[in-house]
Amino acid sequence: MENKSKYIFEKVSAYADKVLDGIDPQKVQISYQLEKLKPIMEELSKELNEAIEDIFIEYMDEASNAGLESEKKFQSTMGDMTKYGDPMSFEQF
């Protein structure tokens, strides 16, 4: 498999969208979230013949990378929006 980490990330993310729909990850304990994701992690562990811990680590690594990319895009957009001055200031008008 060419990009196993991306595959794992996409599978777990799609599963999470279903089973964690409607919860606030900031307010729900991590242990609860992990318990809900355990079935897909076990499935991937069997499919890829790897330890479930390794699946989790690859998922978290790829999630971190995706988060960084998202942040870069956001910062790029914010940079474009603020190059004309403070967006909250009406002095420019």
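Residues are numbered from 1 along each chain as its sequence is written. Since the model is predicted, local features need pLDDT of at least 70 and side-chain atom pairs count only at pLDDT 80 or more, while totals for chains, interfaces and linings use all residues, and side-chain values use heavy atoms, with hydrogens and water left out.

**Colouring by confidence**

Begin by colouring the protein chain by pLDDT, the predictor's confidence in each residue on a scale from 0 to 100. The mean for the protein chain is 84, and 82% of its residues reach 70 or more. Where pLDDT is low, the predicted coordinates should not be read in detail.

**Selecting V12**

Next select V12, which is placed in helix α1, residues 4-19. With a relative accessibility of 0%, V12 counts as buried, a class that means under 20% relative accessible area, against over 50% for exposed and the range in between for partly exposed (1.4 Å probe, protein chains only). Now show the residues around V12: apart from neighbours within four places in sequence, V12 is in contact with L37, I40, M41, L44 and Y59, contact meaning heavy atoms within 4.5 Å. A C-alpha to C-alpha distance drawn from V12 to I40 comes to 6.4 Å, although the two are 28 residues apart in sequence.

**Moving to the surface**

Then select I30, L34, F56, I57 and M60, which make a nonpolar surface patch of about 430 Å². Such patches are made of residues with over 30% relative accessible area and no salt bridge, nonpolar side chains (Val, Leu, Ile, Met, Phe, Trp, Tyr) being joined within 5 Å and like charges within 9 Å; the areas come from the Shrake-Rupley method with a 1.4 Å probe, and for residues only the protein chains shown count as cover. Both α2 (30-48) and α3 (52-82) supply at least two residues of the patch, and the largest share, three residues, comes from α3. I30 lies in helix α2 and is exposed, with a relative accessible area of 56%.

Finally, display the three salt bridges, each a side-chain nitrogen of Lys or Arg within 4 Å of a carboxyl oxygen of Asp or Glu. Start with E50 and K4, whose closest N and O atoms are 2.2 Å apart. E50 lies in the loop between α2 and α3 and K4 in helix α1, so this pair ties together parts that are 46 residues apart in sequence. E50 counts as buried at 18% relative accessibility, whereas K4, at 25%, counts as partly exposed.

From K4, continue to E58, with which K4 forms a salt bridge whose closest N and O atoms are 3.3 Å apart. This pair links distant parts of the chain, K4 in helix α1 and E58 in helix α3, 54 residues apart. E58 is buried, with a relative accessible area of 16%.

The remaining stop is K6 and E10, a salt bridge with closest N and O atoms 3.4 Å apart. K6 and E10 are four residues apart in helix α1, and therefore separated by about one helical turn. Both count as partly exposed, K6 at 40% relative accessibility and E10 at 43%. To close, select K4, E50 and E58 together: salt bridges that share partners join these residues into one network.
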